[in-house]
Amino acid sequence: SKMLLTIKDVAKRLNISLSKAYAIVSQGDLPSYQNGSARRVAEDDLKNYLEGCRTEHQRLPEAVKRHF
């Protein structure tokens, strides 16, 4: 059986605001299930979403030196 998470659970896991979590789901970036008024996210879908967000470490450009 799939572990289903609430949007609040998703927000906690990603350490983001509840409104940001709702935005990610409503934009379709994170698949969800609608059951009446309840919206749930499968744990596997959250893992896949996180994998898609993962970026390899990139060296940031050196700070531009400004001469005033």
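Helices (H or I, at least four residues) and strands (E, at least two) are DSSP runs, numbered from the N terminus. The structure described here is a predicted model, in which local features require a pLDDT of at least 70, side-chain atom pairs count only at pLDDT 80 or more, and totals for chains, interfaces and linings use all residues. Residues are numbered from 1 along each chain as its sequence is written, and side-chain values use heavy atoms, with hydrogens and water left out.

The protein chain comprises 3 helices and 3 strands, arranged from the N terminus on as β-α-α-β-β-α. Its average pLDDT (the predictor's confidence in each residue, from 0 to 100) is 89, and 85% of the residues score at least 70. Where pLDDT is low, predicted coordinates should not be read in detail. Of the 68 residues in the protein chain, 21% are buried (under 20% relative accessible area, with exposed meaning over 50% and partly exposed in between; 1.4 Å probe, protein chains only). Contacts (heavy atoms within 4.5 Å) were also classified by sequence separation: among those between residues at least 6 apart, 46% join residues at least 24 apart.

The 3 strands form an open sheet in the order S1-S3-S2, with antiparallel pairing; two strands are taken to pair if DSSP finds at least two bridges between them. Strands S1 (4–5) and S2 (33–35) stand at the edges, and each has a single partner strand, so one side of each is left without a neighbour in the sheet. Strand S3 (residues 38–42) runs antiparallel to S2 and is joined to S2 by 3 bridges; in S3, Ala38 is the bridge partner of Asn35. Helix H3 (residues 43–53) packs on this sheet and touches S1, S2 and S3, its direction making about 60 degrees with that of S3. For such angles, axes are lines fitted to C-alpha atoms, for helices over the stretch in contact, and values run from 0 to 180 degrees between N-to-C directions.

Helix H1 (residues 7–14) has four residues classed as buried, namely Ile7, Val10, Ala11 and Leu14. These cover an arc of only 100 degrees around the axis, which puts them on the same side of H1; the arc is that of the directions from the helix axis to the C-beta atoms. Lys8 and Lys12, on the other side of H1, are exposed. The buried residues of H1 are covered by elements including S1, helix H2 (18–26), S3 and H3. Asn15 follows H1 and has a positive phi, near 55 degrees.

The model contains 1 salt bridge, defined as a side-chain nitrogen of Lys or Arg within 4 Å of a carboxyl oxygen of Asp or Glu. This salt bridge is formed by the side chains of Arg13 and Glu43, with an N to O distance of 2.7 Å. The pair links distant parts of the chain, as Arg13 lies in helix H1 and Glu43 in helix H3, 30 residues apart. Arg13 counts as partly exposed because its relative accessibility is 47%, and Glu43 likewise counts as partly exposed, at 22%.

In helix H2, which contains Lys20, this residue has a relative accessibility of 46% and therefore counts as partly exposed. The C-alpha atoms of Lys20 and Val10 are separated by 10.0 Å, the two residues being 10 residues apart along the chain.
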